[in-house]
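Here's a quick tour for anyone meeting this protein for the first time. Have a look at the sequence and the model, then read on.

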Amino acid sequence: MKYVCNVCGYIYDPQEGAVDAGVAAGTKWEDVPEDFVCPLCGVGKEDFSPA
């Protein structure tokens with residue numbers, strides 16, 4: 001399942017990860033670190049919703 005940033009619309013896709021933010025491809029959302037921030041706008045993981 002993909003997750004979308006409620007602020008800027010960035011989509012986190014587990015298959016792609018967020019390499020620029022230090023999250024490897026294949027990382028499930030549940031396994032993304034709690035201190036993850038959106039690579040585009042900088043908000044926290046709590047500001048994402050299932051897409």
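Does F36 count as buried or exposed? At 4% relative accessibility, F36 counts as buried, where buried means under 20% relative accessible area, exposed over 50%, and partly exposed in between (1.4 Å probe, protein chains only).

Before going further, some ground rules. This is a predicted model, so local features need pLDDT of at least 70 and side-chain atom pairs count only at pLDDT 80 or more, while totals for chains, interfaces and linings use all residues. Residues are numbered from 1 along each chain as its sequence is written, and side-chain values use heavy atoms, with hydrogens and water left out.

**The sheet**

- There's an open sheet of 3 strands here, in the order β2-β1-β3 with antiparallel pairing. Strands (E, at least two residues) are DSSP runs, numbered from the N terminus, as are helices (H or I, at least four), and two strands pair if DSSP finds at least two bridges between them.
- At the edges sit β2 (11–12) and β3 (48–50), each pairing on one side only.
- Strand β1 (residues 3–5) runs antiparallel to β3, and 3 bridges join them.
- Across from C5 you'll find F48 in β3.

**The core**

- The largest nonpolar core has 12 residues, among them Y3, C5, Y12, W29, F36 and C38. A nonpolar core here is a set of buried Ala, Val, Leu, Ile, Met, Phe, Trp, Tyr and Cys residues joined through side-chain atoms within 4.5 Å.
- In soluble globular proteins, nonpolar side chains tend to be buried together.

**The aromatic rings**

- The structure holds 7 aromatic pairs. Rings of Phe, Tyr and Trp (its six-membered ring) pair if their centres lie within 6.5 Å; planes under 30 degrees apart count as stacked, over 60 as edge-to-face and the rest as tilted.
- Take Y3 and W29: their ring centres are 4.8 Å apart and their planes are at 15 degrees, so the pair is stacked.
- Y3 lies in strand β1 and W29 in the loop between β2 and β3, so this pair ties together parts that are 26 residues apart in sequence.
- Both partners count as buried, Y3 with a relative accessible area of 13% and W29 with 9%.
- W29 also pairs with F36: the ring centres are 5.9 Å apart and the planes are at 85 degrees, so that pair is edge-to-face.
- Y3, Y10, Y12, W29, F36 and F48 form one aromatic cluster.

**The cysteines**

- How many disulfides does the structure hold? The count is 0, with a disulfide taken as a pair of cysteine sulfur atoms within 2.5 Å.
- The sulfur of C38 has its closest cysteine sulfur in C8, and at 3.7 Å that's too far for a bond.
- C41 is in no disulfide either; the nearest cysteine sulfur, that of C5, is 3.7 Å away.
- C38 is buried, with a relative accessible area of 3%, whereas C41 is partly exposed at 34%.

**A buried lysine**

- K45 has its place in the loop between β2 and β3, and at 9% relative accessibility K45 counts as buried.
- Which side chain does the side chain of K45 make a polar contact with? That partner is the side chain of E34, at 3.4 Å. A polar contact is a pair of N or O atoms within 3.5 Å; within protein, one must be able to donate a hydrogen and the other to accept it, and residues adjacent in sequence count only if both atoms are side-chain atoms.

**Out on the surface**

- Q15 is in the loop between β2 and β3 and is exposed, with a relative accessible area of 68%.
- Beyond residues up to four places away in sequence, Q15 touches A25 and G26.
- The C-alpha atoms of Q15 and M1 are separated by 9.4 Å, with the two residues 14 apart along the chain.
- A51 is found in the segment after β3 and is exposed, at 65% relative accessible area.
- Again leaving out residues up to four places away in sequence, A51 touches K2, Y3 and V4.
- A51 and D20 are 31 residues apart in sequence and 21 Å apart in space, C-alpha to C-alpha.

Conventions: Contact = heavy atoms within 4.5 Å.
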